[in-house]
Amino acid sequence: MHRALSSRWLNTALNIAEHPRRIELPLFLCPSINTSPRGLRLGAPVSSSRTRASRWTVPQHRCLHMQADVSTTTEPSQPPDDKIPQPFSTKRLPKQCRGCGALSQTSSPNLPGYFDVGRKAVRNYLQPQGASRSRAEDKIYEDALKHFDHNELEKKGVDVAALAMSLVPPETHQRPPPKVPLCDRCHYLLHNHTGKSIYHPSIDSIKDTIFDSPFKYNHVYHVLDAADFPMSLLPRLSEFLDMMPLRSKNRRSRSGGRFYSDRKIELNFVVTRCDLLAPTKPQVDKLFPYLQDVLRDALGRSGRNVRLGNMVAVSAKRSWWTKELKEQIWKRGGAGWMVGKANVGKSQLFEAVFPKGRMNLTPSRHQITIDMHAKTPNEETASVEKAEIQPELIQDVVDTHETETLDEAEFDEFSLLPPAPEETNYPEMPLVSDLPGTTASPIRIPFGNGRGELIDLPGLERTGIEEHVKEEHRLSLVMRSRIVPEQMTLTPGRSLLIGGFIRITPREPAPVMLGYAFTPIQAHVSRTDKAIGIQNQTGEVNVENIAVPGTGEKTKLAASIELKWDVTKQRTGPLTSKDALGFKVERLPYRVLSTDILIEGVGWVEITTQVRAKDLFKQRQFSDAAHTGTEEAQESRQLSSLERLEALAEDPRKKRPPPPVSEEKESDEPNWPIVDVYSPEGKFISCRKPMNGWMLNKPRVSAASQKSRPRRSMKGMKKLEKKRNRERETAAAN
């Protein structure tokens, strides 16, 4: 708008009929002042037919560029090939990529942290543009008006004051500083969803990185994925990191105030993406005791000294319990470490729980940092003496020395941590991507004006199921939203296929089973012989197998899982409900058994079946030899141990009695139904206590579907119609 006003004022003021004396005004600014014909201005020969300017003139913006070349350039312009752009200086590049944490480099395009200098975002960051195009044009008008005599312009009818007011002030044209660019790998991950995973670090490197922390207070957040919980668990993490010994199993205990090796390291378990388990937050909160029990079973004997009272189940997508965890991080201060396997949601959780906008708060009085490079006693004494003699001079020298050696201190070649960035209220967060192994190096972001920092560590390697899947289907392995499964029936002789390369087959004799696939990849039920052909990539059935060619030859039995968890009370409904009949489960003639089959990094499959109680607890059949041996063992066990000792005392020459034969454990074990699971290389499979996900995520029944009349069954209608026709013919013949 202001450019149009400026041009209008100048055109109105200077385009007059009487040409005054020549004014020093650039021709490209006001072409109408030039007294020479238009043909001469363009460099054309003069002719009698062109002494008068044409009525139809070329628009001004086309004439400006030509006049600018004639008036401002005295030498012939060089060809475009001679204009070689100057190389960009890479010293302004960030020290590490803000998306993946890799150190910046310009030599290896295939590695993380590579910045292409020719990319527009990188080019604008290295050489930011000073002023915008509109401001540059306004500056031309301002410079031109400085050479005019304002009195003469007013005599010619130019309102100089209005013309000056039409120009926008320079402050409004100031551009914000350019945004720090991402490396090429993060750029393609963000916009094109293409990229390669990094080399995952080992647990030893994670341990060394945590021990290199400059903080006394260190809190490790072990991040677990809810999609395949608890397969992303690192069982002996607390022992491996030399955690502070547990003095009390009470989660409210305040007795953990001691420091070990001049630092304190604590551990929290954080279950992320809990919105995949149930649709509402109250339902997920009710699952919290179940998650604790499953985690305790997964820890095994190593979990005896691990406190689970401070376990947290959050959802960064729905903001469930993230605010409470953010406040805990702020109150603790020090260093918070995000540790876990690849693609469990650490970076997304990092963004949700980072305490932003608290830089102006006063730091804590407690010393939360330690000196990583301690001085010798001689150096300390000498520095104290010098400070007492000349304190002001020493302080000036120290400030100068810190300024000069700032860059050298940031790049410590012996440190496993990258240099800490400058603290801001709202820093750039790590990149969130579905690709496993997005974070390449630790990402440190301080908060609270030196109160602490949060560090996002690279993910540890999983078993690698994506290596057996075609590249175009690898992103489909990640469960992004809650699954509403379909109920599938597994009758004897049928199997369940997950993605075409994982097969679940009930072992004969098998009852009728129900399957619910909480997986983002497709599930399919077919005959067992067809399912084997599809999994081995030898069948001709039109069912997609997303595995890479040759995976069928590597298929092995991964596990034989027993359906040994009783869910009769949860599945029966009013029969066992206290508000209804209130029967006890022991009185029912059947049992409902279930289990959850876990697929690492993908999801889980719930298998449920109903069996007769007398078949479940029926004694197993043994051979005659085993039966005879059992009878002999029972006869030998008729005498108690005291009676056998008395018999030895009465007759010392009697042989020692044989040791008692242990009872067969199989005789007391119920006849659990068993399913066999086959997967590539016999890996990526586990099981857990059932969560009853179908009861939480079954399809919603609407009022319209309840009122609608069910469709009439057409089974046997043709036979019934033929029978009626024969009866009519018989009646007509009689």
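A search of the whole structure turns up 14 salt bridges, a salt bridge being a side-chain nitrogen of Lys or Arg within 4 Å of a carboxyl oxygen of Asp or Glu. The structure is a predicted model, so local features need pLDDT of at least 70 and side-chain atom pairs count only at pLDDT 80 or more, while totals for chains, interfaces and linings use all residues. Residues are numbered from 1 along each chain as its sequence is written, and side-chain values use heavy atoms, with hydrogens and water left out.

One of the salt bridges pairs Asp 225 with Arg 273, at 2.9 Å from N to O. The two partners sit 48 residues apart and link distant parts of the chain: Asp 225 belongs to strand S1 (residues 217-225), and Arg 273 to the loop between strand S2 (264-272) and helix H11 (281-286). Helices (H or I, at least four residues) and strands (E, at least two) are DSSP runs, numbered from the N terminus. Asp 225 is buried, with a relative accessible area of 1%, and Arg 273, at 18%, counts as buried too; the cut-offs are under 20% relative accessible area for buried, over 50% for exposed, and in between for partly exposed (1.4 Å probe, protein chains only).

Arg 444 and Glu 453 make another salt bridge, their closest N and O atoms lying 3.2 Å apart, and both residues are buried. The bridge between Asp 529 and Arg 527 also comes in at 3.2 Å, N to O. Here Asp 529 is partly exposed at 49% relative accessibility, and Arg 527 is partly exposed at 40%.

Then there is Asp 456, which lies in strand S6 (residues 452-456). Asp 456 is buried yet has no salt bridge, and the nearest side chain of opposite charge, Lys 346, is 5.4 Å away. For charges, Lys and Arg count as positive and Asp and Glu as negative, with His and the chain ends not counted. What Asp 456 does have is a side-chain polar contact of 2.9 Å with Ser 347. A polar contact is a pair of N or O atoms within 3.5 Å; within protein, one must be able to donate a hydrogen and the other to accept it, and residues adjacent in sequence count only if both atoms are side-chain atoms. Leaving aside residues up to four places away in sequence, the residues that Asp 456 touches include Met 338, Phe 350, Pro 430 and Ile 443, contact meaning heavy atoms within 4.5 Å.

Zooming out, the protein has 26 helices and 17 strands, and 37% of its 734 residues count as buried.
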